[in-house]
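Biologist: I would like to learn how to read the strands, the core and the charged pairs of a model. Could you take me through them in turn?

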Amino acid sequence: QQWANRPGVMAMERTEDFAKIFFIPEAEIPSELEGDAPKPDATWDERWLIAYYPFAASPGCPNPDDIMGPQKFIFSIAFCGDWASKVWGS
């Protein structure tokens with residue numbers, strides 16, 4: 001429910017040292033992201049960071065490239081919620 005009322009973009013930055021997940025509200029999407037050339041910087045962390053994992057500081061993950069490959073995210077979004085499930089078979 002909370003995401004349905006907050007349109008925006010989920011973005012991930014992954015380096016050999018860390019992985020970061022950002023949620024950027026629709027009204028704040030930076031132009032470089034719309035141009036397919038994102039430039040995450042400290043302002044992204046301050047404004048939109050929702051998850052962080054420090055590979056470099058984790059003894060259990062010394063070589064993240066050995067265990068992680070290219071990522072794909074699949075979001076299941078209920079466009080019409082309860083209404084659609086009640087009328088779908090009609």
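Predicted model: local features only at pLDDT ≥ 70, side-chain atom pairs only at ≥ 80, totals over all residues.

Biologist: How many bridges join strand S1 to S2, and how do the two strands run?

Modeller: Strands of a sheet pair through backbone hydrogen bonds, either parallel or antiparallel. Here S1 (residues 8-14) and S2 run antiparallel and are joined by seven bridges; two strands count as paired if DSSP finds at least two bridges between them. Strands are DSSP runs of E with at least two residues, helices are runs of H or I with at least four, and both are numbered from the N terminus. Met12 has Ile21 in S2 as its bridge partner, and a hairpin of four residues connects S1 to S2.

Biologist: What is the order of the strands in the open sheet?

Modeller: The three strands of the open sheet follow the order S1-S2-S3, with antiparallel pairing. S1 and strand S3 (49-53) are the edge strands, each pairing on one side only.

Biologist: Which residues make up the largest nonpolar core?

Modeller: In soluble globular proteins, nonpolar side chains tend to be buried together. A nonpolar core is a set of buried Ala, Val, Leu, Ile, Met, Phe, Trp, Tyr and Cys residues joined through side-chain atoms within 4.5 Å, where buried means under 20% relative accessible area, exposed over 50%, and partly exposed in between (1.4 Å probe, protein chains only). The largest such core in this model has six residues, namely Ala11, Phe22, Ile24, Leu33, Trp44 and Trp48. Strand S2 (19-25) and helix H2 (42-48) are the elements that give two or more residues to this core.

Biologist: How many salt bridges does the structure hold?

Modeller: A salt bridge is a side-chain nitrogen of Lys or Arg within 4 Å of a carboxyl oxygen of Asp or Glu, and the structure holds two. In one of them the side chains of Asp45 and Lys20 meet at 2.7 Å, N to O; this pair links distant parts of the chain, with Asp45 in helix H2 and Lys20 in strand S2, 25 residues apart. Asp45 is partly exposed at 29% relative accessible area, whereas Lys20 counts as buried at 11%.

Notes
Residues numbered from 1 in each chain as written. Heavy atoms only, no water.
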